[in-house]
Amino acid sequence: MTDKTIDLDQHRGMAAQKATELRRLLSNVEADEKELRIRQDELETQLLAAPAVNWHDAGDKARYLLNLFATTTAAQDPRRQKLIAAVLADFKRLAGES
């Protein structure tokens, strides 16, 4: 037995190496998406746990929802993109985060 590892990818053809790399990348993306969904669920649970205490908290909730909406096909219209950006800028300005 040896401590030296063998890189099996070097012994495969280029097509097999690309297929292996594609499978690895896809697996990583799926794992990242799953982790993101878990974190989003945790955040949404926290956002629903209690009503906003002040306007800043309410703005944070609205900002989250606007950012979610911005990723949908309905929000891809350039006018809606401008409106979303304007509302988020308003939140930032009104919260004193300039």
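**Notebook: helix packing in a predicted model**

Axes here are lines fitted to C-alpha atoms, for helices over the stretch in contact, and angles run from 0 to 180 degrees between N-to-C directions. Helices (H or I, at least four residues) and strands (E, at least two) are DSSP runs, numbered from the N terminus.

Residues are numbered from 1 along each chain as its sequence is written, and side-chain values use heavy atoms, with hydrogens and water left out.

I looked up the handedness of the α2 and α3 crossing and found it left-handed, meaning that the near helix is turned anticlockwise from the far one by less than a right angle.

For contacts (heavy atoms within 4.5 Å), I listed the residues on both sides. From α2, Gly 59, Ala 62, Arg 63, Leu 66, Asn 67, Phe 69 and Ala 70 meet Arg 80, Gln 81, Ile 84, Val 87, Leu 88, Phe 91 and Lys 92 of α3. By class, this contact of α2 with α3 has eight nonpolar, three polar and three charged residues. Ala, Val, Leu, Ile, Met, Phe, Trp, Tyr, Cys and Pro count as nonpolar, Asp, Glu, Lys and Arg as charged, and the others, Gly among them, as polar.

I then checked Asp 90, which lies in helix α3. Asp 90 has 33% relative accessibility and so counts as partly exposed; the limits are buried under 20% relative accessible area, exposed over 50%, partly exposed in between (1.4 Å probe, protein chains only). Asp 90 and Gly 59 are 31 residues apart in sequence and 10.0 Å apart in space, C-alpha to C-alpha.

Next I took the other pair. Helix α1 (residues 14-49) and helix α2 (residues 55-70) have axes that come within 11 Å and cross at roughly 145°. I found this crossing left-handed too. Gln 40, Leu 43, Glu 44 and Leu 47 of α1 meet Lys 61, Tyr 64 and Leu 68 of α2.

Last, I noted for the whole chain three helices and zero strands. Of its 98 residues, 10% count as buried.

Key
Predicted model: local features only at pLDDT ≥ 70, side-chain atom pairs only at ≥ 80, totals over all residues.
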